[in-house]
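Here's a quick briefing to read with the model open in your viewer.

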Amino acid sequence: MGVKVKFCGLFRDEDAAYANEVRPDFVGLVFHPQSHRYVDDAAARRLRGLIDAEIPIVGVFVDDSLPHIRSLVADGTVQVVQLHGHETEGQVSALRRALPGIQVWKAFRVRDAGSLEMARSSSADRVLLDNGQGTGASFDWSLVEGFPPGFILAGGLSLDNLAEAIGRLDPWAVDMSSGIETDRVKDLGKMRAVIRLVRGEGRACDRGIGSPDDAR
């Protein structure tokens with residue numbers, strides 16, 4: 001199936017239209033008030049209604065409460081949960097038990113071999129390797145060479161380095177936000193270019209999207 005694509009940090013109605021055109025494998029909505037890409041629950045529900053139902057929504061949460069996360073899953077707003085804060089392994093396990101059948105991803109800041117050991121031992125369905133919380137910068141990719149397959153690569157990915165990242169690290173998916181923006185808002189041209197690069201010319205709008213269970 002090739003490398004999957006997640007476009008994160010959509011928050012405008014036009015962003016939803018862009019997603020429907022280019023059809024990434026996942027769309028991320030950020031529920032962290034400190035982010036300029038933040039969406040509240042009402043905005044998230046509206047965007048879920050605008051985005052094609054075949055494209056799963058990944059809810060990005062930072063040290064959020066289980067009841068809040070569970071409510072957004074229960075009403076169909078969120079199909080995949082991504083934890084991007086200081087959540088412990090116990091919290092990850094508890095969330096997976098509370099949300100059977102829902103993918104739970106956990107982000108890890110890559111700083112050294114120790115941070116990668118934590119990622120390796122995580123019980124999350126997928127681990128996301130990043131530089132931090134929306135810094136827009138990449139980390140030292142040499143630390144990830146040889147990491148077990150199936151991870152999501154994030155942090156500083158752009159059209160300038162995406163092909164190298166995929167060829168060098170072979171991630172299960174790439175996660176992009178600032179790399180598909182111009183002046184801090186999503187850029188349709190960049191989104192189209194990423195899809196063409198990852199999937200090949202002529203495949204940007206004709207590929208079906210699997211369900212969250214396909215990510216297992």
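Buried residues account for 54% of the 216 residues in the protein chain. Keep in mind that this is a predicted model. The chain has 7 helices and 10 strands, and its mean pLDDT is 90.

**Overall picture**

- Take the contacts between residues at least 6 apart in sequence: 56% of them join residues at least 24 apart.
- The protein chain exposes about 9,200 Å², and carbon and sulfur atoms supply 50% of that area.
- On confidence, 89% of the residues reach a pLDDT of 70 or more.
- The stretch to handle separately is residues 202-216, where the pLDDT is below 50. Beyond near neighbours in sequence, that stretch still has 36 contacts in the model.

- Which residues of H1 (residues 13-22) are buried? They are Asp15, Ala16, Ala19 and Val22.
- Those four sit on the same side of H1, because they cover an arc of only 140° around the axis.
- Their packing partners include three strands: S1 (4-8), S2 (26-30) and S10 (185-186).
- Helices H2 (41-50) and H7 (188-199) also pack against the buried residues of H1.

**Salt bridges**

- Side chains of opposite charge can pair when their charged atoms come close.
- Searching the whole structure turns up 16 salt bridges.
- One of them pairs the side chains of Asp13 and Arg46, at 2.9 Å from N to O. Asp13 belongs to helix H1 and Arg46 to helix H2, so to speak a link between distant parts of the chain, 33 residues apart.
- Both partners are partly exposed: Asp13 has a relative accessible area of 37%, and Arg46 comes in at 41%.
- Arg37 and Glu181 form another salt bridge, with their closest N and O atoms 2.8 Å apart. Since Arg37 is in the loop between S2 and H2 and Glu181 is in strand S9 (residues 181-182), the pair ties together parts that are 144 residues apart in sequence.
- Are Arg37 and Glu181 buried or exposed? Arg37 is buried at 10% relative accessible area, and Glu181 is buried too, at 7%; the cut-off for buried is under 20%.
- Glu145 and Arg168 make a salt bridge as well, and their closest N and O atoms are 2.6 Å apart. This pair also links distant parts of the chain, 23 residues apart: Glu145 is in the loop between strand S6 (126-130) and strand S7 (152-153), while Arg168 is in helix H6 (residues 162-169).
- Glu145 is partly exposed, with a relative accessible area of 42%, and Arg168 is partly exposed at 37%.
- There's a network as well: salt bridges that share partners join Arg12, Glu14 and Asp15. Asp15 is also one of the buried residues of H1.

**A residue on the outside**

- Ala74 is found in helix H3 (residues 66-74).
- Is Ala74 buried or exposed? Ala74 is exposed, because its relative accessible area is 69% and the cut-off for exposed is over 50%.
- Ala74 and Leu99 are 25 residues apart in sequence, and their C-alpha atoms are 9.1 Å apart in space.

Definitions and conventions: Residues are numbered from 1 along each chain as its sequence is written. This is a predicted model: local features need pLDDT of at least 70, side-chain atom pairs count only at pLDDT 80 or more; totals for chains, interfaces and linings use all residues. Side-chain values use heavy atoms; hydrogens and water are left out. Buried means under 20% relative accessible area, exposed over 50%, partly exposed in between (1.4 Å probe, protein chains only). Helices (H or I, at least four residues) and strands (E, at least two) are DSSP runs, numbered from the N terminus. The arc is that of the directions from the helix axis to the C-beta atoms. Contact means heavy atoms within 4.5 Å. Accessible areas come from the Shrake-Rupley method with a 1.4 Å probe; for residues, only the protein chains shown count as cover. pLDDT is the predictor's confidence in each residue, from 0 to 100. A salt bridge is a side-chain nitrogen of Lys or Arg within 4 Å of a carboxyl oxygen of Asp or Glu.
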